[in-house]
Structure formats: structure tokens, C-alpha cells
Amino acid sequence: MSCRGAGREWENGVTALVLMVAGLVAGAVVGGYAVYLVTSSSGPLRRLPYYPVRSRADPVASGDEDTVTVDELPVALVVLSRGGRLLHAGARAQAEFAEGLGTLIRHPALQRAVAELQPGSIREVRIEADVPVRRVVQGFARAGSWHGHPACVVVLLDATAHDALDRARSDFVAHASHELRTPLAALIGFIETLQGPAANDAVARQKFLAIMARQAARMQRLIDRLLYLSRVQMLEHQRPQGQVVLSDLFARLNDELQGKPAEDRAAVIIHPAPAGTLRGDADQILQVLVNLCENALRYGRPAPPAVARIDIGAHWQEGGGLAISVRDNGPGIEARHLPRLTERFYRVSQSAGRRGADQGTGLGLAIVRHILDRHGGRLDITSTPGQGTCFTVWLPGMPDSACFPA
């Protein structure tokens, strides 16, 4: 069976399973079953404030019937009025979607589906939200009643990771294949030359092998960046829960840059980190700083005889949040390019100010943007042609708190 056929069968199976669960849950929630919970085998029945739902009785069992509350159901479930107003949100829905739940409920596609839903039917709706980060959710809605009033139950299935995988596959076909074609053609051409006219030419062989090594390294970097970007996108909708100690972060950055050639390390000045911690994924934030430094080392060097200088520093802002800046004194970037720098595979042409023969992958700043989206941060870029460029990363937090602002 092909990968595409297997993927289609998996999607159909998941859809069928969710539809079945939606039907059962909807029947339980809005089908009129009792809302009592048996507290013990001999105790009285008690009505719960969040309206639990009792399952159907087992015709074979002779004891008390099993009960289950809405919040105990293993699905992300919400109950809406026919006007689209939230009546109840299950614990799983609140935990899985957090502050994004309100955005999903107010989405026009879901509101339209709820308004047009026919009694007794189940309707599937695709919800795509881009704020604060891209998220794709499949909703399955069924009409019924909630405490005597028209309502509908909606089961939410997060399909963001699957959508990111599909987009990564499309990007690879549309862009990465084109990016790989050039180094691959160079490798093939040099191999044919070494097998033919230059078979016995030691000087040409050494020259061509060096070029082939650079082209192979370029292909490797591109593949590594694509894989890393796909992993970042799959986690982008999940806020990180770890803690980042700024002094440790800057120490790790210094260690990472020690692996650069000596002439690159000499150009980097890392100022002392401010005290404090913030919530985040330490590895990903380190990757942001490494990518920005590599970008500055590759493109932010002034023409000789000027001496290159790259400054990295951070400070807490009075209004809240940590600002980390990476500043160079290179050729700068024209204003028309700034809005597009974080697009995948976008690169500034050499005529617009880029220095050096290394083109890079065009993915480093795209990775930065997706990581910052996950952390609720942002990237600001300021540049003046002939005077240098400054990349400023803003991350939410306070110097005396490790929590995100409410």
C-alpha cells in the first residue's frame, strides 16, 4: 500500500472514530439522560453543579448504574447555544486549547455550522485560526437540548500537527526540491568530470573535491533545517512549560559560538545576561539566538578594511518582557526586504547588500519566527543601509516572575 493510501485510510479511520464518539457523547449530553450521580451504593443521589451525565444502564447488571461526568469524557467537548454562546466547556477542552478556546468558538465557520445545524444530525466543520499562531481544528457538532433549551454539543479534534506535516510536504515539493537541484547538479557535473577528463589531474581533483564538499554540506544544512522547522511547527500551538535561566542561556550561547572559526568568534561580543528566569523552551530559545548570530556572521560583516563587530545583549523592559538584541555593523538591508525576511526560502540578493558566496538556506529566520510564535514573543528588525542591522527578540515575562502575563 502506498504512503498516500495509508494516510488516507488513517484519516478516514480517525474521522469515523470521532464521528462515533461525537454521536455517543452528543447523545449523552443533549439526549435527555438523567443528570444525577450515585455517591455510593447506598447513599442518596446528588445533583452536581456542572451537570454530569449518566450512562445507559447495563441490562445484565443488577446493581447501581455507572455514571460519568462531562469533564471525565476523554474528548475536548463544548456545549453551545443555538446562537453560538458557550454554555459549558469540558476540562479536556480547557486544558488542550487554553486561551485559544474562545477564538475557536467565535470562529465564523463554527458559528455558521451551529446556526445551520439540523436536529439529530452531525456536522463536521474545519476551523482554521492564525492568531496567535496557526491552528487547525476539526469540529463535530450535533444539535439537541441543554436543560430544556436548544443547544448543540461540539467535539473538537486538534489537527494542527497533521496540517503542519501536509504543509511541510508541500513546501518540500515546491521549494526544497528546487533548492536541492542546484547543488545536486553541481555534484553530478563534478563527478562526471572526475570520471572523465580530470581522472588523472591531481590539481583539478583536489579543487573539485573541495567544491563538492561545500555543495554536499549545503544540501545537508538544508535538510537539517527543514526537519527542524517541521518539528517546530508541530509544537507551535503548544505553549512551553519549562524554565529558562538567562545566565545559563548566555553561557550555552557562548559555548555554541566557540565551535565557529576563530575569525568568526573574534567578531562576537556577548554582554552579561540580566538576572532572572522566564517560561520557555531553553533549547528553542538558544536556537533562536544561534540562528541570529549565524545570520549576522554570514551577512553582517562590513567590507574590508572595516572591522566586523556583533553585539549580543539583553535587558528587562519597564513595561514587561525581555528584549534580546543581536546587532552588527555590516552593510545593512534595504527597507523593502525587511517584512519578508522571515519567509521560508526568502533571501536578499547580493546586489541588495549581501556579502559572501554562501547563500544560506533561507530557513534560519523562518525558524526564529515560528519559535517566537510558540513562546508568545516577536521579532523586530531595524536596519540602515551602510550602518548595520539589529534583530531584537521580545519574550514575555518579568524579572521577578517566571510566568507569562495573564
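Which residue takes a positive phi in the hairpin of β5 and β6? Gly84 does, at a phi near 90°, and the hairpin has four residues between its strands.

This is a predicted model, where local features need pLDDT of at least 70, side-chain atom pairs count only at pLDDT 80 or more, and totals for chains, interfaces and linings use all residues. Residues are numbered from 1 along each chain as its sequence is written, and side-chain values use heavy atoms, with hydrogens and water left out.

**Overall picture**

- The protein has ten helices and 16 strands. Here helices (H or I, at least four residues) and strands (E, at least two) are DSSP runs, numbered from the N terminus.
- Of the 406 residues, 43% are buried. Buried means under 20% relative accessible area, exposed means over 50%, and partly exposed is in between (1.4 Å probe, protein chains only).
- Take the contacts with a separation of 6 or more: 59% of them come from residues 24 or more positions apart. A contact means heavy atoms within 4.5 Å.

**Strands and the sheet**

- Two strands count as paired if DSSP finds at least two bridges between them. Val79 has His88 in β6 as its bridge partner.
- Elsewhere, five strands make an open sheet with mixed pairing, in the order β11-β13-β14-β16-β15. The edges are β11 (268-270) and β15 (378-384); each has a single partner strand, so one side of each is left without a neighbour in the sheet.
- On average, neighbouring strands of this sheet are turned by 15° against each other, direction ignored. Axes are lines fitted to C-alpha atoms, for helices over the stretch in contact, and angles run from 0 to 180 degrees between N-to-C directions.
- β15 and β16 (residues 388-395) run antiparallel, with seven bridges between them. Leu379 sits opposite Val393 in β16.
- Helix α10 (residues 364-375) packs on the sheet and touches β15 and β16, its direction making about 25° with that of β16.

**Nonpolar cores**

- What is a nonpolar core here? It's a set of buried Ala, Val, Leu, Ile, Met, Phe, Trp, Tyr and Cys residues joined through side-chain atoms within 4.5 Å.
- The largest one has 57 residues, and those with the most contacts inside it are Leu249, Leu253, Leu278, Leu292, Ile324, Leu341 and Val393. Helix α6 (residues 202-235) gives the largest share of this core, ten residues.
- Setting aside neighbours within four places in sequence, Val393 is in contact with Val288, Leu292, Leu322, Ala323, Ile324, Leu372, Arg378 and Leu379.
- Another core, of 23 residues, lies apart from it, and Leu104, Ile105, Ile127 and Cys152 are among its members.

**Salt bridges**

- How many salt bridges are there? The count comes to eleven, using a side-chain nitrogen of Lys or Arg within 4 Å of a carboxyl oxygen of Asp or Glu as the rule.
- Asp281 and Arg374 meet through their side chains (3.4 Å, N to O). Asp281 lies in the loop between β12 (277-279) and α9 (282-299) and Arg374 in helix α10, so the pair ties together parts that are 93 residues apart in sequence. Arg374 is buried at 8% relative accessibility, whereas Asp281 is partly exposed at 22%.
- Arg126 pairs with Glu128, the closest N and O atoms being 2.6 Å apart. Arg126 is partly exposed at 40% relative accessibility, and Glu128 is partly exposed at 35%.
- Arg336 and Glu334 form another salt bridge (2.9 Å, N to O). Arg336 is exposed at 59%, while Glu334 is partly exposed at 30%.

**Around Tyr346**

- Tyr346 is in the loop between β14 (322-328) and α10. Is Tyr346 buried or exposed? Tyr346 counts as buried, at 18% relative accessibility.
- Leaving out neighbours within four places in sequence, Tyr346 is in contact with His337, Arg340, Leu341 and Gly362.
- Tyr346 and Thr361 are 15 residues apart along the chain, and their C-alpha atoms are separated by 8.8 Å.
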